Amino acid sequence: MRDFNFRNDTKLFFRNDIRETVSEITKDHKVMLVYGSGSIKQNGCHEDITRTLVDSGIPFIEYGGSSREFEKIEQGIRFAKTNEVTMIIGAGGASVMDSAKLMAFGFYHESDLWDYVKGKPSYGLKRLPLALIPTYPSSGSENGLGAVTVDSSNGDFGTAYGIPADYAILCPRYSLTLDKEMTTYTGLVTLVQLSACVLGDKNRMSYDAGISYIRNVLEATKTLQNNPDDLNARGIIMLGTSLSTSSRIGIGKEENFAYDIYELEFLPEKLFGGSYRRSLTSVFPLFLKVMGKHHAEDIRKYYADAFGFDSSIEESTRKLIGLFSDFGVEMRYEREISRKQVDDMPNGTVQR
């Protein structure tokens, strides 16, 4: 068995009611609640957090409208310093949780924060206590180390890798307000992210666990097509998302080829203006087909174990495209692109 490490930076709470946990972890702090466009006010998360803080006598301020924009993150850091907060809670999707991470870290490293975004090691360095509450489960940011930001003023972006939350609180009822399409994507994106961990894993225990997670997430996604109020199914997807960034699976990888999917998914985003969720989902089956030319045994085993496909890689890829399409998501892009658009894309392609 190969050497491996389990991360234990983040304490994960699965809760149907978060109020008692929020009261416990915020004791003796002054809190800044970070959120985005206001969806947490629709799904009940905002009310649960703020009412708990008021009832517990915890002072707090709010920073709404947060995003991955570096300027907004810098504003949040200054707002936190001005108000002398001692803890940050980030509630929302991946963009909000990433911004909350960077605010908690940047509170002590504001002057060179962009250097950390561009690769300067950040793991283990001082930050504010941080709790993350996902309301759109699909990124796993609440239980991972990465924090993405973009600087639209110059078109640059990067990922600070090494900023864990102290607490992740999973509450499936906060995803009830998502429409059918968005709910479907939570499951399919989680499935792809789990698959990236599983593919090429030579440790039988973590591989088998990962396959089980994938199967359960797929079944939960099917369940939500007809019963969107099923909180057990939503909880499975939410937990699966956190497990995909937990370091608990993929511990026997000898090659990290499967993670290249994250380098490729940005192509449809840039060329067609698509979202991360659609891009990742649409690229994944074709990614498997191409990787099957170099990692045939791994791809065939994955198809058979995760989906019961025992045909050729090409045929299994067609079946997977059909499976995803049956959920009602778009798997093709119809808009034309120019040769110049393709040539202008940054790449490091190696011919084999």
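What does the accessible surface of the protein come to, and what percentage of it belongs to carbon and sulfur atoms? After that, please take helix α9 (residues 231–244) as the part to examine.

Guide: This is a predicted model. The accessible surface of the protein is about 16,800 Å², and carbon and sulfur atoms account for 47% of it. Along the principal axes, the C-alpha atoms fill a box of roughly 60 × 45 × 45 Å. The radius of gyration is 20 Å, which agrees with the value near 20 Å that a compact globule of 352 residues would have. The protein contains 15 helices and eight strands. Of its 352 residues, 51% are buried. Among contacts with a separation of 6 or more, 77% are between residues 24 or more positions apart.

Helix α9 spans residues 231–244, which makes 14 residues. From its first C-alpha to its last it reaches 20 Å, close to the 20 Å expected at 1.5 Å a residue. Ten of those 14 residues are buried, so α9 is largely enclosed by the rest of the structure. The buried positions are A233, R234, G235, I237, M238, G240, T241, S242, L243 and S244.

D166 is in the loop between β7 (156–161) and β8 (167–170), while R127 is in the loop between α6 and β5 (130–134). The side chains of D166 and R127 meet at 2.8 Å, N to O. Because the two residues are 39 apart in sequence, the pair ties together separate parts of the chain. D166 is partly exposed, at 22% relative accessibility.

The structure holds zero disulfides. C171 is in none, and the nearest cysteine sulfur, that of C45, lies 7.6 Å away; a disulfide would need the two sulfur atoms within 2.5 Å. C171 is buried, with a relative accessible area of 0%. C197 is also buried, at 5%.

Side chains of opposite charge can pair when their charged atoms come close. The structure holds 14 salt bridges in total. One of them joins K81 and E110, again at 2.8 Å, N to O. K81 belongs to helix α4 (residues 70–82), whereas E110 sits in the loop between α5 (94–109) and α6 (113–117), so the pair links distant parts of the chain, 29 residues apart. K81 counts as partly exposed at 35% relative accessibility, and E110 does so at 25%. R78 joins K81 and E110 in a network of salt bridges.

A further salt bridge stays within one helix. E314 and R318 both lie in α14 (residues 313–326), four residues apart, about one turn of the helix. An α-helix has 3.6 residues a turn, so residues three or four places apart point the same way. The closest N and O atoms of E314 and R318 are 3.3 Å apart. Both residues are partly exposed, E314 at 43% and R318 at 46%.

How values were computed: Residues numbered from 1 in each chain as written. Predicted model: local features only at pLDDT ≥ 70, side-chain atom pairs only at ≥ 80, totals over all residues. Heavy atoms only, no water. Buried < 20%, exposed > 50% of the residue type's maximum accessible area, 1.4 Å probe, protein only. Salt bridge = Lys/Arg side-chain N within 4 Å of Asp/Glu carboxyl O. Rg over C-alpha atoms; globule rule 2.2 N^0.38 Å. Contact = heavy atoms within 4.5 Å. Areas by Shrake-Rupley, 256 points an atom, 1.4 Å probe, with all protein chains shown as cover. Expected span 1.5 Å × (residues − 1).
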